[in-house]
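Visitor: Please show me the model, and let me ask what stands behind the terms used for it.

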Amino acid sequence: MERPPIIRKSAAGRRVPPSAPLSWDEARRRLAGLPGGGLNIAHEAVDRHATGRLADRVAIRWLGASGARREITYRELAALSSRFAHVYRSLGVEKGDAVFVLCGRIPELYAAVLGGLKCGAAVSPLFAAFGPEPLKTRIKLGRGKVLVTTEALYERKVKKVAGDMPTLAHVLALDSAEASSMLRSASESFEIERTTPDDISFLHFTSGTTGMPKGAQHVHGAVVMHCASAKVALDLHDEDIFWCTADPGWVTGTSYGIVAPLVQGVTSVVDEAEFDAERWYSILEAEKVAVWYTAPTAIRMLMKGGAGAAKRRPLPALRFIASVGEPLNPEAVWWGMDAFGLPIHDNWWQTETGGIMIANTAAMDVKPGSMGKPLAGVEAAIARRSERGMRLLEGPGEEGELVLRAGWPAMFRGYLGEEERYRRCFADGWYFTGDLAKRDADGYFWFVGRADDVIKSAGHLIGPFEVESALMEHAAVAEAGVIGKPDPVVGEVVMAFVMLKSGFEPSEELRLAILGHARRRLGAAVAPKEIAFATALPRTRSGKIMRRLLKARELGLPEGDTSMLEEGA
Ligand code: AMP
């Protein structure tokens, strides 16, 4: 197939016209607001629909891993989330308290999250594939008061670290008799806490190069952006069946797996099972998915099976495919054309932005390999920051850090307890994203790489420090340096270099023991896939491990500036 640099769109043949750009004010006008004043995401997502024309529309169509199926209407979701809100209140949850939710993708997760928002709590959904250590770190940092989970997850992941989470007053195991009875006896109507657009709604943990994860604080006002971006960047229309494949334990799965589709009043497919190509194709077909929001790793895994597998399934309902979380190779966009007759629309955002900022929209021509253009109301630029200040790079093709004019509705409002770190993200009214990018003459943005050492594996952001810390808890490990090693399917795999304490010798047995330790502590999603023994780790003169150099040496790339390197390392 000939591959021109741009895929031209024509509206001909579309069932519905692409959504036009929406200003923040227009999006604000589409929201209801709380009766009597205020703004609360849960009200916009469910309660206002539950009393209107969408009351009986299916909000969530849940597909269980073992074949079960359950549909929950907007009315039912409003009622169930109110029950959760009452239960939280009875456990002493007040506005601003933190509620953590650790469940697989089960229907109750959605109600538990929405119920927390109704109480005015700061809600933090956690990834069920995390191990005990990342869970403990996040609940401790976030000062979690209540943890909603299941008995199995509690036993496997929480119990052994429960004693080290001093703020955690209650664990609500959903399948316990106690939780069932509390929920059953709670009322189905709840007066939502009168939150303002600036009150905290979600706490999303994200990773940096140094230190433990950062708790990005988000506000109820973010819903303005979820409303606008769901229409424009995801092309959601009223009657659509929508499938966001991201887990709610990551920001995409919350903003676009829970909030945005509910605010739009569409039906969301929620699949409990893990990735399986055949299963995914049959979901797209049987559930008549119209809009599918997924990630490059998943697309690359589907690509491995060839376009033929996709073509065997007639998918007349599928109208729009979007992807986020990692660079989407041009190959994948073209594969979409081949397999589905549709381009895959890359978009860009991050935990801190709270919502999609840059996108290939349905109305735009797609340049395969580009993240697209800033949404209406978003100002993005390329900049360089130095001791002397910042400089915007205006020329097409100039590489620098991607910056965003501060003040968009879903902008994070702080890193919990780390004011200085938050402040350092901004200069001259711009937010610095930590990503390197460039812009072409047509205003399309292209991802170049990360400005830091953070690892993106299967779309999940992993902080090397968190992994190094867990490795160093192993009795044989003196030091550890962790890098992301390029991988054709998952983008990067976590690779660790470990230096052993004296008295320990490298062996295959020890390598497996350390791998096993890391998996138990961190969980499969975060633990290294590869471990190599090192006799020394390159460090700066001030003692910091130079991960960039470790990576360059591993990959046989130029070592770059080594002036900071300690003598002899
Ligand atoms: P997270 O905060 O976990 O959502 O990760 C955000 C980071 O993922 C961004 O800062 C980028 O480094 C990367 N990312 C997200 N979307 C894209 C994209 N479309 N292309 C390239 N990288 C992306």
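Predicted model: local features only at pLDDT ≥ 70, side-chain atom pairs only at ≥ 80, totals over all residues.

Guide: Residues are numbered from 1 along each chain as its sequence is written, and side-chain values use heavy atoms, with hydrogens and water left out.

Visitor: Which residues are closest to the ligand?

Guide: Of the 18 residues that surround the ligand, the closest are Asp346, Asn347, Gln350, Thr351 and Asp435. A residue counts as near if one of its heavy atoms lies within 4 Å of the molecule.

Visitor: What makes the pair of Asn347 and Tyr293 a polar contact?

Guide: The term requires N or O atoms within 3.5 Å; within protein, one must be able to donate a hydrogen and the other to accept it, and residues adjacent in sequence count only if both atoms are side-chain atoms. The side chains of Asn347 and Tyr293 are joined at 2.7 Å, so the pair falls within the 3.5 Å limit.

Visitor: Why is Asn347 called buried?

Guide: Buried means under 20% relative accessible area, exposed over 50%, and partly exposed in between, with a 1.4 Å probe and protein chains only. Asn347 has 3%, so the residue is buried.

Visitor: Where does Asn347 lie?

Guide: Asn347 lies in strand S13; strands are DSSP runs of E, at least two residues, numbered from the N terminus. S13 gives the most to the shell around the ligand, with three residues.

How values were computed:
Helix = DSSP H or I, 4+ residues; strand = E, 2+ residues; numbered from the N terminus.
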